[in-house]
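Open the model in your viewer and keep the selection tool at hand. The stops below say what to select next and what is there.

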Amino acid sequence: MAIVDVQVPQFSESVSEGTLLTWKKKPGEAVAIDETLVEIETDKVVLEVPAPAAGVLAEIIKADGSTVTSQELLARIDTEGKAGAAAPAASAAAPAAAPVAAQAAAGKGDVAMPAAAKILAEKGLQATDVAGTGKDGRVTKGDALAAGAKPVAAPVAVAANPAVAKPLPAVAAPVQPNLGERPEQRVPMTRLRARIAERLVQSQSTNAILTTFNEVNMAPVMEMRKKFQEKFEKEHGVKLGFMSFFVKAAVAALKKYPIINASVDGNDIVYHGYFDIGIAVGSPRGLVVPVLRNVDQMSFADIEKKIAEFGAKAKEGKLSIDELTGGTFSISNGGTFGSMLSTPIINPPQSAILGVHATKDRAVVENGQVVVRPINYLAMSYDHRIIDGREAVLGLVTMKEALEDPARLLFDI
């Protein structure tokens with residue numbers, strides 16, 4: 001028997017631990033080299049753990065839902081084993097699985113998944129007490145969370161005559177409320193959602209956040225985009241979106257007012273001589289902010305391709321930790337969802353963020369006349385500890401001027 005260990009990948013310095021998600025293989029099943037065995041959710045990304053060798057999954061050390069750290073042992077693979085062979089006894093690291101296996105062998109009803117078994121044990125329940133909704137009637141974590149606690153047995157009091165025992169009045173057991181048309185469900189936060197919550201609270205408690213607004217006539221950008229869209233897509237294989245214009249306009253402002261691109265480190269102000277812009281992207285797991293590196297050196301096509309790549313990776317949960325780390329400024333496009341106006345929260349340790357909104361036809365005054373123009377309201381939140389109102393307002397005006405005369409972006413003026 002040749003055994004190969006399956007270990008947790010090396011986390012980056014900014015990630016200390018992760019949560020083990022559902023195993024894709026069971027002990028005794030064949031695995032191919034580099035086949036994904038399990039995924040680990042961190043507060044930034046979901047990491048895949050590939051099989052380091054082909055063979056048979058001999059033993060699972062860490063059960064679903066376990067908290068793990070870098071290089072920790074997860075499982076063992078027998079490179080000379082045959083699929084279907086009896087798996088070795090369960091490791092002591094996963095005691096919750098033992099009663100489940102025993103119950104399944106006895107044929108006593110539904111079997112609880114490891115994470116569910118732990119929750120049921122805390123509630124004083126057996127898998128047979130809960131209707132399972134998983135495959136083959138298995139009790140899932142959701143079933144366990146929704147199950148009520150086991151009724152508490154009524155204590156017995158000893159009467160004056162020891163030979164006679166009388167039960168005390170029954171203690172009311174916890175009752176699962178019948179919510180009817182007003183159901184509720186309690187679900188633990190994912191690591192990513194908990195991290196987002198932590199950072200947003202941190203941002204508001206440590207930064208002196210102020211937001212300045214301006215309106216932009218998007219007609220020039222829309223006309224340029226319409227004129228070159230077909231040729232651009234044919235030449236570069238990607239559509240010309242609005243975000244590349246916003247990114248370029250932001251770079252123009254950051255170059256003119258470097259303090260907007262700076263950050264606070266203790267009592268120091270760190271001026272960054274590069275432009276790494278985070279683009280807020282929605283994903284099934286929550287909001288993530290992948291970073292465009294050295295964006296001042298990127299063309300419109302480079303920006304659009306990278307944003308499209310980030311969107312696809314976010315949807316599939318494939319963004320790497322490196323792609324989500326760093327950034328000197330961020331852009332959040334609430335307009336994608338129809339937002340008219342917002343006050344975005346700064347992404348620490350950055351000092352400013354641009355909020356972009358939906359472009360709508362609105363009545364505006366030009367040369368004393370009321371006309372209809374496609375208007376977008378821009379909002380820039382900034383840390384007033386280091387950025388004065390003058391720089392913030394003029395920085396946003398620079399973005400407005402660049403968008404209302406987009407040809408200037410091509411000549412860097």
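**Stop 1: a charged network**

Select Lys306, Glu309, Lys313 and Glu323: salt bridges link these residues in a network. A salt bridge here is a side-chain nitrogen of Lys or Arg within 4 Å of a carboxyl oxygen of Asp or Glu. The model is predicted, so local features need pLDDT of at least 70 and side-chain atom pairs count only at pLDDT 80 or more, while totals for chains, interfaces and linings use all residues. Residues are numbered from 1 along each chain as its sequence is written, and side-chain values use heavy atoms, with hydrogens and water left out. In the whole structure, a search finds 13 salt bridges.

**Stop 2: the whole chain**

Zoom out and show the cartoon. The protein has nine helices and 21 strands; helices (H or I, at least four residues) and strands (E, at least two) are DSSP runs, numbered from the N terminus. Of its 413 residues, 39% count as buried. Buried means under 20% relative accessible area, exposed means over 50%, and partly exposed lies in between (1.4 Å probe, protein chains only).

The accessible surface of the protein comes to about 22700 Å², and 54% of it belongs to carbon and sulfur atoms. Such areas come from the Shrake-Rupley method with a 1.4 Å probe; for residues, only the protein chains shown count as cover. Among contacts (heavy atoms within 4.5 Å) between residues at least 6 apart in sequence, 62% join residues at least 24 apart.

**Stop 3**

Select residues 55-60, which make up strand S6. Six of the six residues of S6 are buried, so this strand is largely enclosed by the rest of the structure. Two strands pair if DSSP finds at least two bridges between them.

Ala30 is opposite Val56 in S6.

Now show the side chains of Glu59 and Arg76, which meet in a salt bridge (3.0 Å, N to O). Glu59 lies in strand S6 and Arg76 in strand S8, so the pair ties together parts that are 17 residues apart in sequence. Is Glu59 buried or exposed? Glu59 is buried, with a relative accessible area of 15%, whereas Arg76 counts as partly exposed at 27%.

**Stop 4: an open sheet**

Select strands S5, S4, S2 and S7. These four strands form an open sheet in the order S5-S4-S2-S7, with antiparallel pairing. At its edges are strand S5 (46-50) and strand S7 (67-68), each of which pairs on one side only. Five bridges join strand S4 (residues 36-41) to S5. For Ile40, the bridge partner in S5 is Leu47.

**Stop 5**

Hide the surface and select Leu74, Val247, Ile277, Leu292, Val295, Phe329 and Ile331. In the largest nonpolar core, which has 74 residues, these touch the most other members. Helix H6 (residues 243-256) gives the most to this core, with nine residues. A nonpolar core is a set of buried Ala, Val, Leu, Ile, Met, Phe, Trp, Tyr and Cys residues joined through side-chain atoms within 4.5 Å. Another core, of eight residues, lies apart from the largest one; among its members are Ala127, Val139, Ala144 and Ala147.

**Stop 6: two further salt bridges**

Select Arg293 and Asp276, whose side chains meet in a salt bridge (3.7 Å, N to O). This pair links distant parts of the chain, 17 residues apart: Arg293 is in the loop between strand S17 (291-292) and helix H7 (300-316), and Asp276 is in the loop between strand S13 (268-270) and strand S14 (277-279). Arg293 counts as partly exposed at 35% relative accessibility; Asp276 is buried, at 8%.

Move on to Arg373 and Glu366, a salt bridge with its closest N and O atoms 3.1 Å apart. Arg373 is partly exposed at 25%, and Glu366 is partly exposed at 29%.

**Stop 7: a nonpolar patch**

Bring the surface back and select Phe213, Met340 and Leu341, which make a nonpolar surface patch of about 290 Å². Patches are made of residues with over 30% relative accessible area and no salt bridge; like charges are joined within 9 Å, nonpolar side chains (Val, Leu, Ile, Met, Phe, Trp, Tyr) within 5 Å. Leu341 lies in the loop between strand S18 (329-333) and strand S19 (352-356), and counts as partly exposed at 43% relative accessibility.
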